[in-house]
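Here is a short report on one structure, meant to be read beside the coordinates. Please load the structure and keep it in view.

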Amino acid sequence: MIDQQIGALFVQIAYIGASAAFILGLRGLTKPETARRGMQLAAFGMLLAIVGTLLNHEIVSYQFIIIGLVVGSAIGLPMGLLVPMTAMPQRIAVSHMFGALAVTLVGIAEFLHYRDVPGGPGVIKMTALGFETLFGALTITGSFMAFGKLQGFITGRPVTFPAQKVINAAVFFGAVGLYAALVLTQSGGSTESGLIMFAVMTVLALVIGVTLVLPIGGADMPVVVSLLNSYAGLAASATGFAIGNNILIVAGALDGASGFILSILMSKAMNRSFANVLFGAFGGEKAAVSAKSAEGLTTRSVTPEDAAMRIGYARNVIIVPGYGMAVAQAQHAVRELAELIEKRGGRVRFAIHPVAGRMPGHMNVLLAEANVPYDHLFDLDEINEEFHACDVALVLGANDVTNPAAKGDPSSPIYGMPILNVQDAEQVIVVKRGMATGFAGIENELFYLDKTSMLFGDAKSVLSQVVTEVKGL
Amino acid sequence: MTALLTALGAAAALIAATTSDTATAAASTTLVDAQIVEVYVFLLAAFTGFQIITKVPPLLHTPLMAATNAISAISLVASIVIAGAERPLFINIMGMVAVAAATINVVGGFVITDRMLKMFKKTESPK
């Protein structure tokens, strides 16, 4: 008995240590210099929590635990080591799926366990269990859909069908209704009908995950991925309530807060509300709205040689990367070009819009991988006033985030969205594959300005040519 | 930092005020007390998380996401208990799958976060 109490005390001490390590670790992430050390501390906290749990007196056999740990490590380690940085959005999405799967299985197992416990789970635990399973299940399929869209085996375009909103609402309220009914009827002990209700609720939650993400297009993925991050965290926190474990509550709350903040930041960067992102199906409807047609307007296209002349002699260059750079894997060519300009005495900075790419911070990671120092990377707010003084702005596979219509044209669908003031630069060079519109399906006036030159082609090969030309200047 | 301390202080005062209330009003229901404490733990952690995470620069948003994902794989702790406790076999097996899924995130998540953070370098000062 005393042994058991000492064991329980040790477990609690391990959990408290782990909580502190997680919080301090995240604090490290507020500065690039301390980030790595912070995360090593958080990893140590995790190890502490796991070792502490293995001493839990409820555990009677270790065979299944060991198999699970070994299989998970065998899959997780190569995933962590080998996934290329360009595939990071997919990898984040799929990891939300694994996290939610674990949480949902725990929820189901706990619900079944309480069928054998006299008196049942009680109102609070049943509320937590239901929440955990509901959010866990919808995060499983939602993350899988996001993964599919980012990986490309599910269309990145918004998928819509007639009466979609009605059907979605029916499924949603069905699941929530069953959840409420479960809390009302099963808290005092489970019945046969409770089992069926629980199963149907779980299946409906899985359906919600699919219908939630299906109508959301590729460029809205930063919001979706952040939101799923938040859900996964909240579900983990609910697990903590369900089994009375504080470390789960703490870690889940941290994850939930992080996902929530990121979703808000992403929505703001697109000047749209949460609801609009989730239910708006942006690209699909707006394609027809591109009222401002490009008729009568002409663009000027330049050759890589011309572009190299302008860039090579520029003193002050700002590069604006977008999803196009990620697709073309052009980040290494960009870094080479930036180094060349600096060698010739010019200054190069990168202007990064919050929603450039497919997840928060996507461009920063790609450029860091290509060895661009992070003190060259600037946020929207930090650099927007600097475009005035810049000789050449090089737009690289970015479109909507540079569209001046967001500032000057109240009829534009993206009016009000914060954009990078590329049009203030003395000259603009836009690297683009063709004249196709951006994700929002609207024309970009920037391309038709007198100061703008279009450099058509695949970003990587075009930039390599520019680099060769600049070398020969 | 001051904002953080103020938030913590306010929350602590709130706890002190409310727990003394509940202690007198619900002395017999220790179960409710335990669960009320859990709500405080959640609130405080969410507060702290909010304060810290708003200070993470956009530069590190992807590593932040990978990191919080690895941290929330703490559900491994709950999975381990279910896989190893005295429960019917199929529940132990569900626990085993949960352990595997959470372990993928713990191991993969921390490894990949470290890989990313290793890449962020400052301009080297000329020698």
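The model is predicted.

## The sheet in chain A

Six strands of chain A form an open sheet. Their order is β3-β2-β1-β4-β5-β6, and the pairing is parallel. The edges are held by β3 (377-379) and β6 (452-456) of chain A. Each of these two has a single partner strand, so one side of each is left without a neighbour in the sheet. Neighbouring strands of this sheet are turned by 25° against each other on average, direction ignored.

Two helices of chain A contact the sheet. Helix α12 (residues 304-312) of chain A packs on it, touching β4 (392-396), β5 (427-432) and β6 of chain A. The direction of α12(A) makes about 140° with that of β5(A). Helix α15 (residues 362-369) of chain A lies across β1 (316-321), β2 and β3 of chain A. Against β2(A), helix α15(A) runs at about 145°.

How many of the six residues of β1(A) are buried? The count is six of six, so β1(A) is largely enclosed by the rest of the structure. Both faces of the strand are covered. One side carries Asn316(A), Ile318(A) and Val320(A), all buried. The other carries Val317(A), Ile319(A) and Pro321(A), also buried.

Bridges tie β1(A) to two strands. With β2(A), β1(A) pairs in the parallel sense over four bridges. Here Val317(A) has Val348(A) as its bridge partner.

## Aromatic pairs

A pair of aromatic rings is described by the distance of the centres and the angle of the planes. The whole structure holds nine aromatic pairs over all chains. One of them joins Phe111(A) and Phe198(A), which are stacked at 4.0 Å centre to centre with 0° between the planes. Phe111(A) lies in helix α4 (residues 88-114) of chain A, and Phe198(A) in helix α7 (residues 192-213) of chain A, so the pair ties together parts that are 87 residues apart in sequence. Both Phe111(A) and Phe198(A) are buried.

Phe172(A) and Phe173(A) form another pair. Their ring centres are 5.4 Å apart and their planes are at 80°, so this pair is edge-to-face. Phe172(A) is partly exposed, with a relative accessible area of 39%. Phe173(A) is exposed, at 58%. Elsewhere, ring pairs link Phe131(A), Phe135(A) and Tyr231(A) into a cluster.

## Arginines over tyrosine rings

Arg344(A) lies over the face of Tyr313(A), at 5.1 Å from the ring centre. Arg358(A) places its charged end over the ring of Tyr323(A), 3.6 Å from the centre.

## Chain B

What secondary structure does chain B have? The answer is five helices and zero strands. From the N terminus on, the elements run α-α-α-α-α.

Chain B has 127 residues, and buried residues make up 54% of them. Among contacts in chain B between residues at least 6 apart in sequence, 66% join residues at least 24 apart. Chain B exposes about 5400 Å². Carbon and sulfur atoms supply 73% of that area.

Conventions:
Residues are numbered from 1 along each chain as its sequence is written. Chains are lettered from A and ligands numbered from 1 in the order in which they are written. This is a predicted model: local features need pLDDT of at least 70, side-chain atom pairs count only at pLDDT 80 or more; totals for chains, interfaces and linings use all residues. Side-chain values use heavy atoms; hydrogens and water are left out. Two strands pair if DSSP finds at least two bridges between them. Axes are lines fitted to C-alpha atoms, for helices over the stretch in contact, and angles run from 0 to 180 degrees between N-to-C directions. Contact means heavy atoms within 4.5 Å. Buried means under 20% relative accessible area, exposed over 50%, partly exposed in between (1.4 Å probe, protein chains only). Accessible areas come from the Shrake-Rupley method with a 1.4 Å probe; for residues, only the protein chains shown count as cover. Rings of Phe, Tyr and Trp (its six-membered ring) pair if their centres lie within 6.5 Å; planes under 30 degrees apart count as stacked, over 60 as edge-to-face and the rest as tilted. A charge sits over a ring if NZ of Lys or CZ of Arg is within 6 Å of the ring centre and within 35 degrees of the ring normal.
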